[in-house]
Amino acid sequence: MKSTFVVPDGLEPAQRRSDALAPGDRMPSHNPMCFGCGPDAPNGLHLDARAGEGMAITGEMLVEPHFEGGPGMIHGGILSSAFDEIMGMNVMLMGVTAVTAVLDVDFAKPIQLGSRLRFSTEILGTQRRKIYVRAVAHLIDGDGNSGGDTGEEVGGAHGLFIIVDPSVHFRESRAKSQFASPEFGA
Ligand SMILES: CCCCCCCCCCCC(=O)SCCNC(=O)CCNC(=O)[C@H](O)C(C)(C)COP(=O)(O)OP(=O)(O)OC[C@H]1O[C@@H](n2cnc3c(N)ncnc32)[C@H](O)[C@@H]1OP(=O)(O)O
């Protein structure tokens with residue numbers, strides 16, 4: 001992965017919450033209307049994420065026709081959103097609420113509409129409220145059911161997430177949401 005993102009030395013290892021999902025379990029959406037993972041978001045990415053081993057998760061996504069940027073190609077903002085979401089879901093393994101402060105994306109290869117992408121992401125470590133995450137995206141091989149990451153690597157990303165108190169962070173915005181949750185202070 002090509003990147004100028006600096007991951008500091010001496011990070012603390014991230015701790016998986018004691019009741020985190022088992023490897024292979026589907027990760028629930030944190031908000032049904034979320035553009036990235038929400039099943040009810042009409043034009044969303046509908047990322048399907050699974051818990052992995054340790055501090056890793058995986059996710060899959062179909063590059064839908066309405067994700068077009070250049071002719072026949074994925075829009076760069078869509079790939080960025082997918083990385084943002086899958087890394088944000090990765091952070092949920094820790095049992096904290098965190099928001100993205102920095103997103104660094106390597107658009108390594110063009111991605112055509114109709115492709116299926118597989119994301120692999122892991123938490124690199126923490127420093128106070130900061131959580132450092134890295135992800136890569138591969139094309140899923142032609143048979144459509146490999147589920148592996150043996151296809152071509154088409155992108156990579158780093159994210160810096162900051163732990164927040166959801167009842168404070170979403171206090172003013174939550175009334176605008178179509179989804180109300182006690183976690184957001186509703
Ligand atoms: C179940 C519910 C799920 C809830 C949500 C799950 C979402 C999943 C996926 C989607 C994720 C998103 O897109 S979230 C949406 C996009 N992101 C946002 O809207 C965030 C908007 N920005 C903010 O609200 C704020 O800037 C924060 C919260 C990120 C930081 O503000 P703060 O709380 O005042 O913290 P602050 O003291 O400034 O910084 C804390 C530490 O982070 C460092 N830091 C802060 N920003 C940066 C930065 N840009 N670059 C480098 N470092 C930074 C500081 O130096 C400091 O380090 P040190 O002094 O400790 O060294």
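Guide: In sorting residues by class, Ala, Val, Leu, Ile, Met, Phe, Trp, Tyr, Cys and Pro count as nonpolar, Asp, Glu, Lys and Arg as charged, and the others, Gly among them, as polar. This is a predicted model, in which local features need pLDDT of at least 70 and side-chain atom pairs pLDDT 80 or more, while totals for chains, interfaces and linings use all residues. Residues are numbered from 1 along each chain as its sequence is written, and side-chain values use heavy atoms, without hydrogens and water.

Visitor: What makes up the lining of the second largest pocket, by class?

Guide: Seven nonpolar, three polar and two charged residues. Arg 26 and Asp 48 are among the lining residues, and Arg and Asp count as charged. Met 27, Pro 28, Cys 37 and Met 89 also belong to the lining; a lining residue has an atom within 4 Å of a point of the pocket (on a 1 Å grid over the protein atoms alone, an open set of points where a 1.4 Å probe fits, with protein on both sides within 12 Å along at least five of seven lines).

Visitor: Why is the pair Asp 48 and Arg 26 called a salt bridge?

Guide: The closest N and O atoms of Asp 48 and Arg 26 are 2.9 Å apart. The term requires a side-chain nitrogen of Lys or Arg within 4 Å of a carboxyl oxygen of Asp or Glu, so the pair qualifies. Asp 48 is in strand S1 (residues 48–51) and Arg 26 in the segment before S1, 22 residues apart; a strand is a DSSP run of E with at least two residues, numbered from the N terminus.

Visitor: Which residues are linked with Arg 26 in a network of salt bridges?

Guide: Asp 48 and Arg 50. Asp 48 also pairs with Arg 50, at 3.9 Å between the closest N and O atoms. The structure holds seven salt bridges.

Notes: Helix = DSSP H or I, 4+ residues; strand = E, 2+ residues; numbered from the N terminus.
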